Amino acid sequence: MGELIVAQAGKRAIRFGICQRCLSTDVRTFTCHHGSCAYCRNCLYLGRVCRCDYLEERDITTPLETTDLTMPFELAPDQTRVANRLLTWWDERKTGLVHAVCGAGKTEMTFPVIERVVNEGKRVLIVSPRKDVAIEWVERLERAFTVPVTRRYGGGDKDSIGMITVATAPLLMNVRDVFDYVVVDESDAFPFAFDVALWNTIRRAGRGVFLFITATPTVWQQLFPTVYLSRRYHGFDLPVPTLVKQSDERLIALCRRHALKPRLLFVPTKADLERYRETLEGAGLTCRTVSAETEERTDALHWLQETNGVVLATSIWERGMTVRDVQVGVLESEHRLFSTRGLIQMAGRAGRKPDAPTGEVCFFYKERTFRQDVAIRKIKEANRR
Amino acid sequence: MKCLLCHESMTVPWTPATLWRRDWVCPSCESKLTPLGTGCPRCGQPNETGETCSDCIRWLALGLDLIVRCIYAYDEAGINWLHRFKFSGDVVIASSVAPALRALRSSNVTYVPIPVSRERLQIRRFNQAEVLARCIGPTRQLLEKTEVSSQRELGKEGRRHRTNPFTVPTSVKCGKIILVDDVYTTGTTLQQAAFSLRQAGASEVSAICLFRALNKSKSRPI
């Protein structure tokens, strides 16, 4: 119970070829100062552990504090219903799933339960798939809560644990049984959904009570008690994507049609970014590209918002970003990297603000796939519900 | 198969040796490090004509003739690679430069890595030069480095013309010796080590260095 720290005494850091901190078997031998030894490659970013190191489990010593909550806005009746359900789940210590459409105000709905957990003297963890999303959580939490929010992600302080901790999953490798309430945001996003090891790190960090929040839950997550919220907080429908046969003229026509609004185009791979940028720049449109390697992603987000430009993005931006009045196009939407969930999330980027509640979403296709159809059907279903 | 450096999945060519080889590096990671072109024959400092550079002429004037073969330029990618290898402690990525190092192997040669001091070894847990030397061929630790703390007491002037920290505890009987180090910046370290070895009786000393810090580059050597 606590944090694993490399120390002089304790249990061996690597036993039987398994790193005891991250439980991976990517352990390599090398010559240490005393002779043959082994180190773990999987958790190098937490500081290297060697077989000759020892891990000590140290209790968390940060003081327990209480907090006050000032809601950024009054919750709508639907949101209050969800928030109350979360409170009863916490009282029963049950794991649950919030299945809410994109832009339903999922962040704010968890604030009452976070407040109650903190005031009971328990620690809360918020796991997000990416740093961008984590930063947005921190900003919103700091505005609402009086207790300091700890940032445990790359760029924040990586080895601190407070009452409310916002973290990305890989930095929780060395935490065991600390957090009484774990909010897994975007719980079907890329790292969690496909990597059982990453889910296991979160499970080890928590004490058994989880809350999954997503617009597109996996089948496994749907087995938990679920609360639905199928209406955005401003009450408008989700924009339904239109299917358009892909051609350069139609792509440029989409960009021209909304010349005064920010336009966001999703492409499947990094190689496509350059290809489509040349196409668009040939048509006289200035655009920026965003991929996982782009370092100034928040900068590009501000640029998109302020100059109403065109941004080509890979699926790195499919979640957790909000731009006012953005128009979305998905290029090559039949690509195997665009899953149904990804398509729904990308369509959900449009119309997220109450003063611009609609937007155009285009799925450009070269081939029709079931994934496109299922995504559109799911969005329509959510609108009907 | 996953790339050793970027962990992206990659396809590997099929040969019988595929079964035997464990670490693969994808072509995009392989092309990140820039090999040195034509340059000074003694230190690898790039120039068009391939003449001996002024720094090496200065060493020659002191009577120190040491041929250092450098492989890669110490640019941005080199700094990142070395930082990962040396300071993050990812020892196995040495195998990504091992083919380039092994190409310099010659017979009847003892490879001598530049040692690190005992205190540094306690912290870093390994000698980066020794790992590189083992990639090339048979190594023997002939040198010994005295404690660094004695250097701290020296003044600025004394540090610039710093005293030779290398000693050779045993008498050298092997004929040809090649020193191995990771970065060549001014060459002082290698020249001092070669001087100690020659005094102890080594007949022929040269050196291999993985990176050559470029004098013109703004990047600070680590």
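How many helices and strands are there in chain B? Chain B has nine helices and six strands, where helices (H or I, at least four residues) and strands (E, at least two) are DSSP runs, numbered from the N terminus.

This is a predicted model, in which local features need pLDDT of at least 70, side-chain atom pairs count only at pLDDT 80 or more, and totals for chains, interfaces and linings use all residues. Residues are numbered from 1 along each chain as its sequence is written, while chains are lettered from A and ligands numbered from 1 in the order in which they are written.

**Chain B**

Of the 222 residues of chain B, 32% count as buried; a residue is buried if 20 or more other C-beta atoms lie within 10 Å of its own, exposed if 12 or fewer, and partly exposed in between, with C-beta atoms placed from the backbone. Among contacts in chain B with a separation of 6 or more, 71% come from residues 24 or more positions apart. Two residues are in contact if their C-beta atoms, placed from the backbone, lie within 7 Å.

Chain B holds an open sheet of four strands in the order β1-β6-β5-β2, with parallel pairing; two strands pair if DSSP finds at least two bridges between them. β1 (68-73) and β2 (109-113) of chain B stand at the edges with a single partner strand each, so one side of each has no neighbour in the sheet. On average, neighbouring strands of this sheet are turned by 20° against each other, direction ignored. β2(B) and β5 (residues 176-184) of chain B run parallel and are joined by five bridges. B:T110 stands opposite B:I177 in β5(B).

Two helices of chain B pack on the sheet. Helix α6 (residues 128-136) touches β2, β5 and β6 (204-212) of chain B, and its direction makes about 130° with that of β5(B). Helix α9 (residues 188-199) touches β1, β5 and β6 of chain B, at about 160° to the direction of β5(B). Axes are lines fitted to C-alpha atoms, for helices over the stretch in contact, and angles run from 0 to 180 degrees between N-to-C directions.

**Helix pairs in chain A**

| Pair | Angle | Axis distance |
|---|---|---|
| α10(A) (residues 340-347) and α11(A) (residues 370-384) | about 50° | 8 Å apart |
| α1(A) (residues 77-92) and α3(A) (residues 111-119) | roughly 30° | within 8 Å |

α10(A) and α11(A) are therefore oblique to each other, whereas α1(A) and α3(A) are roughly parallel. Angles under 35 degrees count as roughly parallel, over 145 as roughly antiparallel, 65 to 115 as roughly perpendicular and the rest as oblique.

Ala, Val, Leu, Ile, Met, Phe, Trp, Tyr, Cys and Pro count as nonpolar, Asp, Glu, Lys and Arg as charged, and the others, Gly among them, as polar.

In the other pair, A:A83, A:L86, A:L87 and A:W90 of α1(A) meet A:P112, A:V113, A:R116 and A:V117 of α3(A). The contact of α1(A) with α3(A) divides into seven nonpolar, no polar and one charged.

**A:V98 and the chain contact**

A:V98 lies in strand β8 (residues 96-100) of chain A and is buried, with 27 other C-beta atoms within 10 Å. Not counting residues up to four places away in sequence, A:V98 touches A:V82, A:K106, A:L211, A:F212, A:I213 and A:V227.

The contact between the chains takes nine residues from chain B and 10 residues from chain A. On the chain B side, four are nonpolar, three polar and two charged.
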